[in-house]
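Please open the structure in your viewer and display both the backbone and the side chains.

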Amino acid sequence: MILRVSDRACVISRSVRLKSTLTSFFDEMGKGIIIKSASTGIFENLALEDWIHDHVDLQNRNILLLWRNSPAVVIGRHQNPWQECNLPLMRRLGIPLARRRSGGGTVFHDIGNINMTFFTSKKKYNRHRNLTVVTNALKELRPNLDVNSTDRFDILLNGHYKISGTAAKLGRTAAYHHCTLLCSVDRSLLSSVLKSNNSQVIKSNATPSVPSPVKNLLDLDPSLDTDTVMEAIASQYKKEFGFATPVITVDPTHESLMPGVHKMTQDVLTWEWVYGKTPKFSVCTSLVVDGVNITLDMDIKNGKVDRCDIGIPDGWLPLEIVNEFTSKLNGSRCCPRETAVLVAAFIRTNSLAADIAEKIHRLCEGVTSVM
Amino acid sequence: MRDVGNQTTLAQLVTLWIFVVSQRCHRHQWTEPAHVFDFSTPLTSVQWRGFRSSQVASGQVLQFKLSDIGEGIMEVTVKEWYVKEGDRVSQFDSICEVQSDKASVTITSRYDGVIRKLYYDIESIAHVGSPLVDIETDRELEGAPEEDVVETPAVSHEQPLQEIKGQKTQATPAVRRLAIENNIKLSEIVGTGKDSRILKEDILNFIAKQTGAILPYEVQKTPAPAVSTTDTPSKEKKPVMAPPAIPRPIFTGKDRTEPLNGFQKVMVKTMSAALKIPHFGYCDEVDLTELVRLRSELKGLAESRGIKLSYMPFFIKGASLGLLQFPVLNASVDEGCQNITHKASHNIGLAMDTPQGLLVPNVKSVQSLSVFDIAVELNRLQALGSAGQLGTADLTGGTFTLSNIGSIGGTYAKPVILPPEVAIGALGKIQVLPRFTSRDDVEKAYIMNVSWSADHRVIDGATMCRFSNLWRSYLENPAAMVLDLK
């Protein structure tokens, strides 16, 4: 029995060592750690944030995560992507949409934007303190720089231009506060992608974003590129939180180092999370299809069409065709691709006359223009 | 004598141990194999709640109040409920998500029990210090604090000894059963769920590691090509979101029922309609040696024009030339099969394999397009297909379909006609095989098999055969295409 006891202890300590490969590494580093992500994939980085929040003991430790992404749009936990960004443009350009777990508004990321996540225990959660790290770092680089944080936790340049937005997530014992910082972002792409063509026709209780004029730090001073600024923030963080360990780079795809991170990446990629988590909303609009006025009234719940009513002028299409069309849409995803496939199959299997099929095409185009 | 003495001591220890263990296990509902009752028990000293026969808890109903969020915030908006009335929750399970001023907060349960009342609707304002839910706990809690207190975990993850002593191992009853079935101690599993909760995947990974089996859910780093209508790998723009890898079947011993998704329902509709068509099949072999030579010559020229040239444009153009001679294959019959419409335009569809399922966009009016034009269209459709942007215009109006299943593999197939068309061809893979020439020599030949299906109500075997021969002749001797090009 005693022998078995010691066996068990060995097994447990081995699995503890396995489990805490990254966290035991953190142990050796002490109370403050700065991590840089080796990936520029938005989903991988969001998963890395989640993993640290869930698995690292943050009660007596402060962690700063620095990360940048290739072009992506990130909406807040309870936002409506149809209301917040130009989805057709993003699809054309191949810019992915991601939903983060923290609240707040919609942002555009590209490699000229720095993301910073401040991990602390729930007790030590203090957004203003974190933002002063950023503003002080910038002032170290350029002493006359007019950057200040507001009470809405934005950072303004020259009192007017927003260069950073904030969001936060509080869990049971730990919390993180993350913010962006515009160094050299493609501003024209940012403004075109963050403007939805359908915001007027959508009625929803989702958290709306507050648009603000933005500016890049680089516009003010060409020496303020992302690498320089990240270094400054890292050293200011060390000063503020009182430690001196070097920055470590972590690859968020390293499953053995961070068991479970793969699944977290997959979770944050799914349609059900990105689109399906949208609070219920309705779309109410009139479209001009083939020269006639069509009214469209849809309720979307969990990203899927819950109810769809289409109003057509008398005689434009047989009523039973329209009813079958709307019943096909019920329960389907609010997604142009899926709708196109559904309608194509509908046309195919109903052997419609050519002119009717043509009208159904146009109707489908009209409906998908709001998706 | 000494041995006896030792055995006695051992026996006493064992007895003591079993006594200690049994004290901790008084809540277990069934007997387990003896070896599970050893050192692992303190870690798993959790009520095996899932096996109670009813949800009726015998404890008191407690009001669980919304605790202080910090930063002096007094009000939050309730955004999502993770539980409903009647649900059973464990301590640390998520109850709801609230939002305040750009911060999203997950509220977790303080107790184990059953949810009896939700105090707020979605989008309502909840006040800090007011009740959020009522939970009926499983047992009496004396002087239980009513708030969700921010607590530091009793154990820090890095200290093995403390972990052995105090930490509850989090796992659902289903996961525990899987562990028992496989003789695994939960203490040996690394939990990858929230708060180190052990998930089913963790048990399966553990088993896989032990038996050296392939781990399930391997995610491939490079996204698999979303489109496969050409023989050569297309250089389409790499999708920014990697399509999920095909999950390998995992034996869990349990059936899983789920409703069909949108794409699957479409397939059901289409294939059920196709069932009404009496199919006949006709297969043949095509020698593509000349075509392979021609394509390798033209590939560079096409690339200089910015287009990837595969074999498909040749197959499609050949089919169109054949349809000019046999227009009945480009026809459509109505519902009752009373009228047949010979379609003027050759809109040839391509079966496209996407991560979501089968899509069949078509190239319009192939009769007026050159091989290069068709290649351009194919590139466009492939790009749209992989970006998920194919519209109804591209997906409907087809009159004849070719399915290049050979790009994935296979030789012969029995394709299903897509209504309202009357014919379809499936192209197998191009194989390098030995063939006799006219001079009785054996030479290397590029051979591809084609399998046609046609609607026997309006197409007869002879027509299909003659069409196939004509199509074959254009491909085996591409120069003949030049003669008949319009």
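Is B:Ser365 buried, partly exposed or exposed? Please select this residue in the predicted model. B:Ser365 counts as partly exposed, because its relative accessibility is 26%, which lies between the 20% limit for buried and the 50% limit for exposed. The residue is found in chain B, in the loop between strand E15 (362–363) and helix H8 (371–387). Its backbone deserves attention: B:Ser365 has a positive phi of about 50°, although it is not a glycine. Most residues other than glycine have a negative phi.

Next, select A:Asn158, in the loop of chain A that runs between strand E8 (155–157) and strand E9 (161–164). A:Asn158 is likewise not a glycine, and its phi is positive, at about 55°. With a relative accessibility of 39%, A:Asn158 counts as partly exposed.

Remain in chain A and select A:Ser332, located in the loop between helix H12 (319–329) and helix H13 (336–349). A:Ser332 is buried, as its relative accessible area is 4%, and buried means under 20%. Now display its surroundings. A polar atom of the A:Ser332 side chain lies 2.7 Å from the backbone oxygen of A:Leu329. Beyond its neighbours within four places in sequence, A:Ser332 is in contact with A:Lys304, A:Val305, A:Glu338 and A:Leu342.

Finally, return to chain B and select B:Pro420, in the loop between strand E16 (400–403) and strand E17 (423–436). Inspect the peptide bond from B:Pro419 to B:Pro420: this bond is cis, with omega near 5°. Most peptide bonds are trans.

Key
Residues numbered from 1 in each chain as written. Chains lettered and ligands numbered in written order. Predicted model: local features only at pLDDT ≥ 70, side-chain atom pairs only at ≥ 80, totals over all residues. Heavy atoms only, no water. Helix = DSSP H or I, 4+ residues; strand = E, 2+ residues; numbered from the N terminus. Buried < 20%, exposed > 50% of the residue type's maximum accessible area, 1.4 Å probe, protein only. Polar contact = N/O pair within 3.5 Å; in protein donor to acceptor, adjacent residues only side chain to side chain. Contact = heavy atoms within 4.5 Å.
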